[in-house]
Amino acid sequence: SGDRLHAEQLVEYLSQRYLAKRFVGAQVNKDTFIQQLQQSDILHFQGHAQHKSSDPLSSFLLLSDGELSARDIFTLSGVSAELVTLGACESAANVIKTGDEPLGLIPAFLFAGVNSVLASLWKASSPAAALFMKAFYDEINRPEKPNKAVALRKAMLEVRSHLRYDAPYYWAPFVLNGDWHSLH
């Protein structure tokens with residue numbers, strides 16, 4: 001939405017680092033997001049999400065043309081992305097329902113076929129989140145291909161090493177769900 005300078009800088013950095021196409025503003029619509037989800041090995045979403053604890057299937061990512069809900073994601077097919085990163089507040093929040101089944105965006109992406117999802121449990125600090133994401137992607141892109149769990153840990157330690165961000169609020173909101181092995 002253009003309201004987070006650090007997020008814009010992060011998207012530009014990732015686009016250059018991976019020589020990847022970036023979508024910004026009105027380009028980040030439902031059709032493009034779903035198409036990229038079905039075609040990409042790694043998909044990074046940097047934007048807004050909203051967790052709906054009263055109706056977790058209505059939790060959503062906010063795209064330029066509206067909301068993409070967990071309910072919508074559950075219906076997708078042809079998805080085989082290795083990693084989806086949701087750089088969006090509360091995108092990892094779930095509600096546990098009868099049968100101990102978590103409901104929210106992460107289970108929806110995993111059900112749709114994504115191997116792993118990295119997301120935030122709470123409203124994170126934008127500068128700290130950008131620092132975390134940069135460190136995470138730098139780590140998983142190393143020649144020795146460390147696994148995603150190691151990359152998560154190292155990114156947390158990187159953020160935590162900055163005095164300004166040493167409190168858990170800044171480095172602990174990020175969780176990895178699904179396959180923690182190295183990227184293929």
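## Helices α5 and α6

The axes of helix α5 (residues 126-140) and helix α6 (residues 148-160) come within 8 Å and cross at roughly 140°. This is a predicted model. Angles over 145 degrees would count as roughly antiparallel, so α5 and α6 are oblique to each other. The crossing of α5 past α6 is right-handed.

Which residues of α5 and α6 make the contact? From α5 come Ala128, Leu131, Phe132, Ala135, Phe136, Glu139 and Ile140. From α6 come Lys148, Ala151, Leu152, Lys154, Ala155, Met156, Glu158 and Val159. Eleven residues of this contact are nonpolar and four are charged. No polar residue takes part.

## The three-stranded sheet

Three strands form an open sheet in the order β2-β3-β4. Their pairing is antiparallel. Strands β2 (48-50) and β4 (66-69) stand at the edges. Each has a single partner strand, so one side of each lacks a neighbour in the sheet. On average, neighbouring strands here are turned by 35° against each other, direction ignored.

Strand β3 covers residues 60-63. Four bridges link β3 to β4 in the antiparallel sense. Within this pairing, leucine 61 stands opposite leucine 68 in β4.

## Helices on the sheet

Two helices deserve a look here. Helix α4 (residues 105-112) packs on the sheet and touches β2, β3 and β4. The direction of α4 makes about 85° with that of β3. Helix α2 lies across β3 and β4. The angle between α2 and β4 is about 30°.

## Serine 69 in β4

Serine 69 lies in strand β4. Is serine 69 buried or exposed? Its relative accessibility is 11%. The limit for buried is under 20%, so serine 69 counts as buried. Beyond its neighbours within four places in sequence, serine 69 is in contact with Leu57, Ser58, Ser59, Phe60 and Leu105.

Strand β8 spans residues 116-120. Five of its five residues are buried, so β8 is largely enclosed by the rest of the structure. In a regular strand, side chains alternate between the two faces of the sheet. Both faces of β8 are covered. Ser116, Leu118 and Ser120 are buried on one side. Val117 and Ala119 are buried on the other.

How do β5 and β8 pair, and over how many bridges? They pair in the parallel sense, over three bridges. Threonine 85 stands opposite leucine 118 in β8. Strand β9 (residues 174-178) runs antiparallel to β8. Five bridges join β8 and β9. Here serine 116 has glycine 178 of β9 as its bridge partner.

## The β6-β7 hairpin

Strand β6 runs antiparallel to strand β7 (residues 101-104), with four bridges between them. Isoleucine 96 stands opposite proline 102 in β7. Three residues lie between the strands of this hairpin. Glycine 99 takes a positive phi near 90° in the hairpin.

## Positive phi in two loops

Two residues other than glycine also call for comment. Leucine 19 is not a glycine, yet has a positive phi of about 50°. Leucine 19 sits in the loop between α1 (5-18) and α2 (30-39). The cut-off for exposed is over 50%; leucine 19 counts as exposed because its relative accessibility is 78%.

Glutamate 90 has a positive phi near 60° and is not a glycine either. Where is glutamate 90 placed? The loop between β5 (83-87) and β6 (94-97) holds glutamate 90. With a relative accessible area of 25%, glutamate 90 is partly exposed.

## Glutamine 46 in β1

Glutamine 46 belongs to strand β1 (residues 42-46). Glutamine 46 is partly exposed, because its relative accessible area is 25%. Leucine 10 is 36 residues away from glutamine 46 in sequence. In space the two are 8.6 Å apart, C-alpha to C-alpha.

Which residues does glutamine 46 touch, not counting those up to four places away in sequence? They are Ala7, Leu10, Val11 and Gly87.

Conventions:
Residues numbered from 1 in each chain as written. Predicted model: local features only at pLDDT ≥ 70, side-chain atom pairs only at ≥ 80, totals over all residues. Heavy atoms only, no water. Buried < 20%, exposed > 50% of the residue type's maximum accessible area, 1.4 Å probe, protein only. Pairing = 2+ DSSP bridges. Axes fitted to C-alpha atoms, helices over the stretch in contact; angles between N-to-C directions. Contact = heavy atoms within 4.5 Å. Parallel < 35°, antiparallel > 145°, perpendicular 65-115°, else oblique. Left-handed = near helix turned anticlockwise from the far one by under 90°. Nonpolar A, V, L, I, M, F, W, Y, C, P; charged D, E, K, R; others polar.
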